[in-house]
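Hi,

Here is the structure I promised to pass on.

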Amino acid sequence: MVRDKNIVLGVTGSIAVYKAVEVASKLTQEGAKVDVVMTKAAQEFVTPLTFRAITNRPVATEMFDPVSEFSIEHVTLAARADLVVIAPATANVIAKLAGGIADDMLGCTVLATKAPIIVAPAMDANMYQNQITQQNIARLKERGFTFVGPGYGRLATGEIGLGRLADIEEILGTIRQVLGRRGDLAKRRIVVSAGGTQEPMDPVRHISNRSSGKMGYAIAEAARDRGASVVLVSGPTALHPPVGVEVIQVQTAVQMRDAIVDAAKQADALLMAAAVSDYRPAAAAKSKIKKERETLSIELVRNPDILSEVRGDFVRVGFAAESENVVENAKVKLKGKNLDLIVANDITATDSGFGVDTNRVLIVDRQGKVKRLPLLSKLEVAHKVLDRVVELLPKSRGRMKKT
Ligand code: C5P
């Protein structure tokens, strides 16, 4: 989504500017052409040289700088931008933008651009909560500006409150989401499951498995980046909820089934990457089980098979973690669960499967065709799987009423 995109990064005068350096760096590393525009106040905190060194591009500071390529036509940046991001955005700059004031390079660029605009506010909590600021923000939102943050936490004054610049990952996630709006999954609703379920034995113990949730979270992020509206039904994981994704947290297989049956009513595709416990204790003990006896037996009962149960007219993708006969077992599951695609991997390989960031999978389709993929990052695997989902989606419609 980010590669080769022209992104204007507007930087204004806040102590949080150091985080903008990181945003510029990450975007540049991902292949974006980042044109930084700094206000005068921003230059009190860091020099343009920092951004120039990070982005390898000139930094716009002055409207009438005789040696700047931008000064020749002050709307050059605005015209070629795929996206404008203002991070950090002070209360003052937000007010100026809401009033259409264009007395510097950033104001001109924002006023002149037709590209989407993301604003990441950073300011003192009282300034943020002031009605004037709130009205300015509401006005810009009405005009289609996307806001990210601010977050709650320690502010420059040392006080705790709402006004911190959003986390870098949150800003980057919003950038990907906005750039992806016209992707090949725009207007589609994708439901993804991730992580392992936990089946309680007593108030302190549960049966679970080694799923980290990474594959499912990567699919959710990739689908978001391609413009989908994504519902992620997640078992407990240590992962951050992806920005711009509706996350439904569940613990047990039964809870996951209920959440998925509900979400699938609106789905264009369901990708079940979760490792669902096949069994659960017949009854969870009300109090902690004591170690009184040498042996302990717990009766287990079958959990619902979610993929087999969930009905509807959507593309169905299952995952199969296998330790032997990968292709044969995957084909049996594809048929048994009535899937369009199954993504299978050999979990005995150390570079693939549970917990790691890479996966070596093969994709089997309804016709029995097997496509083996090389070792890829889970995000790359996610995109390969979604490429196949896109081919299977009916051309004419998305289920979403609105984006
Ligand atoms: O049968 P097995 O668990 O190997 O099948 C794996 C696929 O089925 C995965 O996509 C998994 O999310 C899904 N599954 C399910 N409900 C279960 C068990 C697995 O939907 N109870």
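Let's start with the ligand: a nitrogen atom of the ligand is 2.9 Å from a polar backbone atom of Ile306. I call that a polar contact, meaning a pair of N or O atoms within 3.5 Å; within protein, one must be able to donate a hydrogen and the other to accept it, and residues adjacent in sequence count only if both atoms are side-chain atoms. Before you go further, note that this is a predicted model, in which local features need pLDDT of at least 70, side-chain atom pairs count only at pLDDT 80 or more, and totals for chains, interfaces and linings use all residues. Residues are numbered from 1 along each chain as its sequence is written, and side-chain values use heavy atoms, with hydrogens and water left out.

Met272 has a polar backbone atom 2.6 Å from a ligand oxygen, and Lys337 puts a polar side-chain atom 3.0 Å from an oxygen atom of the ligand. On its own the ligand exposes 450 Å², and the protein buries 87% of that (areas by the Shrake-Rupley method with a 1.4 Å probe; for residues, only the protein chains shown count as cover). Among the residues around the ligand are Asp278, Phe319 and Lys333 (each has a heavy atom within 4 Å of it).

Where does the ligand sit? It is in the largest pocket (more than half of its atoms lie within 2 Å of the pocket's grid points). On a 1 Å grid over the protein atoms alone, a pocket is an open set of points with protein on both sides within 12 Å along at least five of seven lines, a cavity is a set where a 1.4 Å probe fits but cannot get out, and lining residues have an atom within 4 Å of a point.

The largest pocket holds about 910 Å³ of space (grid points are joined across faces, edges and corners, and a volume is the space filled by probe spheres set on the points). Of its 41 lining residues, those closest to its centre include Ala274, Val276 and Phe319.

The second largest pocket has about 650 Å³. Glu169, Arg176 and His240 are among the residues closest to its centre.

Finally, there is one cavity of 30 Å³ or more in the whole structure. The largest cavity has about 40 Å³ of space, and its lining includes Val93, Leu97 and Asp104.
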